[in-house]
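Work through the exercises below with the structure open beside you. Try each task before you read its solution.

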Amino acid sequence: MRIDSFDPWRVPPADSGPAVVDPPAAPPPAPVPEPLPPAWRPSPMRWLARGAAAAIVLLVLLVAWLAVTAPLSKSLEPPVPPSITLLSAEGDPIARHGAVIGDPVDATRLPDHVTGAFLAIEDRRFRSHWGIDPRGIARAFWNNSFTDNSAQGGSTITQQLAKNVFLSSDRTLARKLREVMIAFWLEAWLSKDEILSRYLSNVYFGDNVYGLSAAARHYFSRDADDLTVSQAAMLAGLVKAPSRLAPTQNLKGARDRQAVVVGAMEAAGYLTAAEADDVAPARLKVARIKRLPTGTYFADWVLPQARDNAGAIAADQTVQTTLEMRHQRAAERAVRAAGLRQAQVAIVSMRPDGRIIAMVGGKDYAKSPFNRATQARRQPGSTFKLFVYLAALRAGMDPDDLVDDSPVTIADWSPKNSDGRYRGEITLAQAFAQSSNVAAARLTQQVGPRAVIRAARDLGISTPIPSEATIALGTSSVSLLELTAAYAAIAAGEAPVRARGLAQPVEGSWLDRLGLDRSAIPADQLDAMRAMLAGSIERGTGRQAALSIPAFGKTGTTQDNRDALFVGYADGIVTGVWVGNDDNTPNAGLSGGGVPARIWRDYMTRATGAQTAARAEPAVIEAVEDSGNIIDDFANGAVPAIPPVDFEGEFEGLGINLRVGPDGGIEIGPGTRTRDADAARRREEAPDDMPPEGDEF
C-alpha cells in the first residue's frame, strides 16, 4: 500500500493483524504577535480648525438671532424717535405729539470743537476701537466698584447708537450681548464719521428734542455748525441725563455739567488750558418755533387711544381721527359768540355712531387745559329725565298717559318745580316738555329707581347712580361726553353708543366685533321718546334751540343754577353743551333753556346748514271775569288754564334785553345795539383765516 494513500480515519479490516499506532505529533509553536502601532496623538492644528469652525457656527447663529430680534437691515437707516401726528377726518394735520426731530448732520462739516465736545465726554478712543472699548469698560468697572465717584458707563458711541436704533434700555445680559454684536456690525459697514453723524443726528437732548440740529435751534436759536465752544459743551453734557439736565428746567445743572465737559476737552487735547479758561457759561436763547399744536382738548383726549391702536411705536406715525374741522371751527365760534365772562363752557358733538366731530373743553386751552367735556363730572339736571321717561315707556306707559303735576313728598324729600307752578293732571309729553320735577319724581317712584338706573346703564351711563328717588332730577354726576353718547343712542335707535375719536375703531372684545354688545331700542319706545324730545324744543323749555329742521333735545339746570345743559340732535349730529363755573358756584339766572340752548342752536345752524326757527308770538293771557277762582287755583297749587308765559322786551337807553321764559326764569342780556356793537367788535378781532359770520368754512 502506498503511504500517500493511507487514511488514518479508515477502520482496519477485522482480519488484519495488530494496528501500528504512530506517536502523537508535537503541537505547533504559538504565533508571535505583531508589534502595535504607536499611540495616536491629535494635531494642534486640528484643534484650531475645530475651534474656528465652532466659532463660525456660533457667529452664524448669533447673526440669525439678531436678524430675528433686531433686524440688521435697519442698521443703515437713520433711526427716528417715536412721534404721532394726528390727522383730522379730512386728512389734515391737527396736532403732533412726540419728538421734535432735527435735520441730519454731517460730522465732517461740523467745527472741531463741536465733535470734540462729544468725543471728549462720551468716547475719547472712538477713532481707535472696533465698537467696544475694553479700557473704558475696565475703568467704569473699577470706578463703580471700588471708588465713591459717580457711576460711569463703558458704552462707546457706537454702542449707544446701536442701543438707540434697535434696543430698549433694560439692563439684561441678552440686551448687552446684542448691543455688542450690533456695534461690531455697524463698525463693519459704516465709517467712523458716518457712525458719529448718525449718533449726533438722533441723540436725545431733553425737552422732547432729538438731534443736534434740533437742539441747537431749540436752546440757542442757531444752526449746529454755528455753535460756540460753550454751547457745544453744554449740549454734549446733556446726553448723560437729558431730562434732568435740560437747561430750560435746570440751568444750573446744565452749566455745571458744561464745566465738566470743558475739562474733558482740555484733557483730551481739543482745547488748550487758555482756551478752556476763556469758556464762559452758555446763555440760552430758546427759539419760538411755529409748529402744529401739541395740546388741544380733543387731541389730549384721543392721544391715548391713538397710542394703544398704534402699539409699539418706533417711528413717525400718522393716525387719522374723526374730528371734522368745519364743525370744530363752528363749535369754537359758537363759544366765542356766547359772550361768557366768568363761566366756563364745554361742547361735545358726535355722529349717532359715536364718532366725535367737534370738542371744546373750555374757553381757552392755553389758560386751562382741563377738559370739561371729558374729565369733569357734574350733575346733569333735567337732562337725566331722558332715562326716567324711557323707564316709564318700558313699563308700558305712553306719552298720552297722565301724571300728577302737583306737590309731592317722598320720604323726607319734597321736590319742587323750578318755575314754582304746578299744573295738576297732565300728559307725560307735557310733563317732559315743561320739565316738571314733581312729575319725574312721581314716575321714578312708580317704576322704581332700579328701572331708571337700568335705563341709564343700557344707554351707556357708567358712573355711580344711587338707588333713590332723587336721581329723577339728575343729582348723580356724569361727564358731558357720556351724557351726549346716551342721547346719541336715541338718534341711532340702538344702545349703547361708544364715543370714539379714531377713524379706525380700537379693537374690542369679540362681542364688540360682532355687535352683540348693542341692542336695538324697540320701535314704539323709540318713537315715543323722540316725540317727547321734539316737543321739548317745539313747545317746552328748549324753545330757544329751535331750528328750521326737525330737532330733538332736552334742557337741564341744577340746583341754584350751578350747571346748565342742553343736549340734543338734528340732521345726524348729536351735540351736548354745558355751562357753569369750575368752582361749582351758583350763576344767577342761568338755565339750560337759555345760554346753553342758544350755543347749541348757534353751533347746529353752522353744522347742519339749517336756519333758526321763526319764533312764535309770545302767549297773551286774556282777562277773565272770575279772578277769584284763579287766586284760589294759585293757592291750591294748580293753574291748568293759564298757558306758559314767554315775554321778551328791550329797555331802550339801558342797552339790555329782558326775557321771562316759560319756566319762569328771568334772563338779562345785551340789547340790540349792544349785540350789534359786540358783533362788529368780534368781526374786527376775528383771525384773517376765519370767514365772516354765517359763511361756510
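**Exercise 1: A buried aspartate**

Asp563 is found in strand β13 (residues 563–570). The model is predicted.

Solution. 
- Step 1. The cut-off for buried is under 20%.
- Step 2. List what Asp563 touches, leaving out residues up to four places away in sequence. The list is Arg378, Gln379, Gly556, Thr557, Thr558, Trp578, Val579 and Asn584.

**Exercise 2: The order of a sheet**

Task: work out in what order the 5 strands of the open sheet lie, and name the edge strands.

Solution. 
- Step 1. Read the order across the sheet: β7-β6-β14-β13-β12. The pairing is antiparallel.
- Step 2. Look for strands that pair on one side only. These edge strands are β7 and β12 (552–557).
- Step 3. Check the twist. From one strand to the next it averages 5°.

**Exercise 3: An enclosed strand**

Task: explain why strand β6 (residues 344–350) is described as largely enclosed, and trace its partners.

Solution. 
- Step 1. Count the buried residues. In β6, 7 of the 7 residues are buried, so the rest of the structure largely encloses this strand.
- Step 2. One side has Gln344, Ala346, Val348 and Met350. The other has Val345, Ile347 and Ser349. Both faces are covered.
- Step 3. Take the partner β14 (residues 573–580). β6 and β14 pair in the antiparallel sense over 7 bridges. In β14, Val579 stands opposite Val345, and Gly580 stands opposite Gln344.
- Step 4. Take the partner β7 (residues 356–360). This antiparallel pairing with β6 has 4 bridges. Ile347 has Val360 of β7 as its bridge partner.
- Step 5. Inspect the turn. β6 and β7 form a hairpin with 5 residues between them. Gly354 in this turn has a positive phi of about 100°.

**Exercise 4: A second hairpin**

Task: describe strand β1 (residues 83–87) and the hairpin it forms with β2.

Solution. 
- Step 1. Count again. In β1, 5 of its 5 residues are buried.
- Step 2. Sort them by face. Ser83, Thr85 and Leu87 lie on one side, Ile84 and Leu86 on the other.
- Step 3. Leu86 stands opposite Ala95.
- Step 4. Look at the turn. There are 5 residues between β1 and β2. Gly91 in the turn has a positive phi of about 95°.

**Exercise 5: A covered helix**

Task: find how many residues of helix α8 (residues 229–238) are buried, and what covers them.

Solution. 
- Step 1. The count is 9 of its 10 residues. Among them are Met234, Leu235 and Leu238.
- Step 2. The cover includes α2 (112–122), α7 (212–220), α9 (242–245) and α10 (251–268).

**Exercise 6: Confidence**

Task: say where the pLDDT is below 50.

Solution. 
- Step 1. Start with the whole chain. Its pLDDT averages 80, and 70% of the residues score at least 70.
- Step 2. Find a low stretch. Over residues 617–656 the pLDDT is below 50. Residues 662–666 also stay under 50.
- Step 3. Draw the lesson. Where pLDDT is low, predicted coordinates should not be read in detail.

Technical notes. Residues are numbered from 1 along each chain as its sequence is written. This is a predicted model: local features need pLDDT of at least 70, side-chain atom pairs count only at pLDDT 80 or more; totals for chains, interfaces and linings use all residues. Side-chain values use heavy atoms; hydrogens and water are left out. pLDDT is the predictor's confidence in each residue, from 0 to 100. Contact means heavy atoms within 4.5 Å. Buried means under 20% relative accessible area, exposed over 50%, partly exposed in between (1.4 Å probe, protein chains only). Helices (H or I, at least four residues) and strands (E, at least two) are DSSP runs, numbered from the N terminus. Two strands pair if DSSP finds at least two bridges between them. Axes are lines fitted to C-alpha atoms, for helices over the stretch in contact, and angles run from 0 to 180 degrees between N-to-C directions.
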